[in-house]
Amino acid sequence: MSTGFFKDITPVRYEGRESENPLAYRWYDPDRIVLGKRMEDHLRFAVCYWHNFCWPGGDPFGGQTFERPWFGDDMDHARLKAYVAFEMFDILDVPFFCFHDRDIAPEGASLAESNKNVREIAEIFQKKMASSKTKLLWGTANLFSNRRYMAGAATNPDPDVFAYAAAQVKNCIDVTKELGGENYVLWGGREGYETLLNTDMARELDQLGRFLSLVVEYKHKIGFDGTILIEPKPQEPTKHQYDYDVASVYGFLKRYGLENEVKVNIEVGHAVLAGHSFEHEVALAAALGIFGSCDINRNDYQSGWDTDQFPMNVQEVALALYYILKSGGFTTGGLNFDAKLRRQSIDPADLIHAHVGGIDTCARALLVAADLIERGDLSRALEDRYAKWGSDKAQAMLKGEMSLSGIAEMVERERVNPSPVSGRQEYLENILNLSL
């Protein structure tokens with residue numbers, strides 16, 4: 001039985017580029033075969049619970065602008081929110097959703113009560129998932145909103161906070177497994193510092209390393225087959241976060257022996273805040289063997305914070321999808337719309353319009369990325385640029401078969417005097433534009 005929130009909005013379907021229906025997919029055809037795989041299986045879209053059903057539309061200078069019938073800190077409102085959420089998932093015809101434990105159920109007077117609340121809503125999810133195509137991409141615990149976490153969770157100076165966070169994560173992993181989630185995400189929202197004056201970084205990094213090891217150990221204990229993911233972000237809300245970017249996370253994982261156990265969930269907006277492009281973070285994660293999943297959104301480049309807007313830039317998304325496809329595509333990961341409406345977009349239909357635009361942008365970008373791969377111009381140019389490294393001489397240097405002095409002697413003996421070769425950037429950019 002419908003809650004009536006979305007009124008007469010019917011399920012969104014693919015109608016093609018000529019459609020005049022504003023609530024139709026023009027590019028996203030789930031069953032279209034792209035590079036031998038269905039478009040839906042390439043993109044693996046997910047809708048996030050927090051921005052769509054929890055965010056009130058406030059900003060630092062103004063309060064709530066959204067009026068939602070499920071806003072309220074009790075279980076009756078949480079149940080209504082769950083029903084509305086699945087109505088939206090079905091309207092959009094998406095394969096996945098994501099949540100934090102505090103998104104779906106109110107916090108109780110004790111951890112036991114909080115866990116009970118989460119499990120009650122999870123039971124509703126289980127029943128709704130039995131008749132819906134939408135499954136769980138990942139779950140995560142909110143270890144940043146409650147005031148107990150103001151100095152961090154795993155990195156907190158109080159071991160009781162560390163223990164409480166660990167207990168909260170245990171319940172959330174259990175629920176994620178029971179719901180068939182394909183991943184579990186850890187976002188260190190306050191795992192960093194606001195001032196070095198009260199921070200022991202060495203101690204906090206060791207605490208964070210131990211916390212992550214506990215999560216991995218528990219995953220194997222309960223037989224959770226999903227992927228453990230870390231979501232990098234450089235700052236905000238803290239001044240500096242330890243999971244600054246992909247490179248920082250990889251170094252952290254190597255230090256604590258977790259590089260084969262944990263992968264990354266890369267967000268567009270976080271990459272931008274770190275001074276990188278989205279495709280840089282994707283390509284680096286793939287090169288390091290830790291690429292897992294993506295939060296797809298965009299930032300306003302005139303603002304200095306994480307604005308979490310819906311993706312509307314085809315070229316930006318296409319480059320990232322090109323590197324995702326080149327690395328083999330998603331396995332357990334996907335494209336989660338970690339994006340929120342603008343605070344003036346107050347109508348129920350705006351939630352649907354935003355996702356339709358984002359989904360079509362990604363679908364169009366997938367076709368661009370696939371065209372680049374099928375044409376092969378970029379791959380051939382890359383192979384040509386590094387071709388000389390395939391010689392016996394070059395391989396001997398890489399494999400440690402030549403010492404530094406031996407290389408120097410070779411350069412003198414053979415009178416090596418290399419000339420620069422064009423990087424052809426403009427030519428390659430033109431190739432990209434031909435596919436748009």
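The model is predicted. Its largest pocket has a volume of about 1,400 Å³, and the second largest pocket holds about 680 Å³ of space. The count of cavities of 30 Å³ or more comes to two. Glutamate 231 and serine 419 are treated at the end: glutamate 231 is buried, whereas serine 419 is exposed.

**Largest pocket**

- The lining of the largest pocket is made up of 35 residues.
- Nearest the centre of this pocket lie Ala381, Leu382, Asp384, Arg385 and Tyr386.
- Two or more lining residues come from each of these elements: helix H11 (314-326), helix H13 (377-385), helix H14 (392-398), helix H15 (404-413) and helix H16 (425-435).
- Helix H13 gives the largest share of the lining, with seven residues.
- By class, the lining of the largest pocket has 19 nonpolar, seven polar and nine charged residues.

**Second largest pocket**

- The second largest pocket, with about 680 Å³ of space, is lined by 26 residues.
- The lining residues closest to the centre of the second largest pocket are Trp50, His51, Phe144, Trp187 and Asp308.
- Helix H2 (49-53) supplies at least two residues of this lining, and strand S5 (135-140) also supplies at least two.
- The lining of the second largest pocket divides into nine nonpolar, six polar and eleven charged residues.

**Largest cavity**

- The largest cavity contains about 270 Å³ of space.
- The lining of the largest cavity consists of 21 residues, and those nearest its centre are Leu186, Trp187, Gly188, Glu191 and Leu208.
- Strand S6 (183-186), helix H7 (201-222) and helix H8 (246-255) are the elements that give two or more residues to the lining of the largest cavity.
- Of the residues lining the largest cavity, 15 are nonpolar, three are polar and three are charged.

**Second largest cavity**

- The volume of the second largest cavity is about 40 Å³.
- Its lining is formed by Pro232, Lys233, Tyr244, Asp245, Ile266, Glu267, His270, Ala271, Ala274 and Glu281.
- The elements giving two or more residues to the lining of the second largest cavity are strand S10 (262-267) and helix H9 (268-273).
- The lining of the second largest cavity includes five nonpolar residues, one polar residue and four charged residues.

**Glutamate 231**

- Glutamate 231 sits in the loop between strand S8 (227-230) and strand S9 (240-241).
- This residue is buried but has no salt bridge.
- Lysine 233 has the nearest side chain of opposite charge, 7.3 Å away from glutamate 231; Lys233 is also among the residues that line the second largest cavity.
- The side chain of glutamate 231 does make a polar contact of 2.9 Å with the side chain of asparagine 265.

**Serine 419**

- Serine 419 is found in the loop between H15 and H16, two helices that each give two or more residues to the lining of the largest pocket.
- Serine 419 counts as exposed because its relative accessible area is 61%, and the cut-off for exposed is over 50%.
- Serine 419 and aspartate 90 are 329 residues apart along the chain, and their C-alpha atoms are separated by 60 Å.

Methods
Residues are numbered from 1 along each chain as its sequence is written. This is a predicted model: local features need pLDDT of at least 70, side-chain atom pairs count only at pLDDT 80 or more; totals for chains, interfaces and linings use all residues. Side-chain values use heavy atoms; hydrogens and water are left out. On a 1 Å grid over the protein atoms alone, a cavity is a set of points where a 1.4 Å probe fits but cannot get out, and a pocket is an open set with protein on both sides within 12 Å along at least five of seven lines; lining residues have an atom within 4 Å of a point. Grid points are joined across faces, edges and corners, and a volume is the space filled by probe spheres set on the points. Helices (H or I, at least four residues) and strands (E, at least two) are DSSP runs, numbered from the N terminus. Ala, Val, Leu, Ile, Met, Phe, Trp, Tyr, Cys and Pro count as nonpolar, Asp, Glu, Lys and Arg as charged, and the others, Gly among them, as polar. Buried means under 20% relative accessible area, exposed over 50%, partly exposed in between (1.4 Å probe, protein chains only). Lys and Arg count as positive and Asp and Glu as negative; His and the chain ends are not counted. A salt bridge is a side-chain nitrogen of Lys or Arg within 4 Å of a carboxyl oxygen of Asp or Glu. A polar contact is a pair of N or O atoms within 3.5 Å; within protein, one must be able to donate a hydrogen and the other to accept it, and residues adjacent in sequence count only if both atoms are side-chain atoms.
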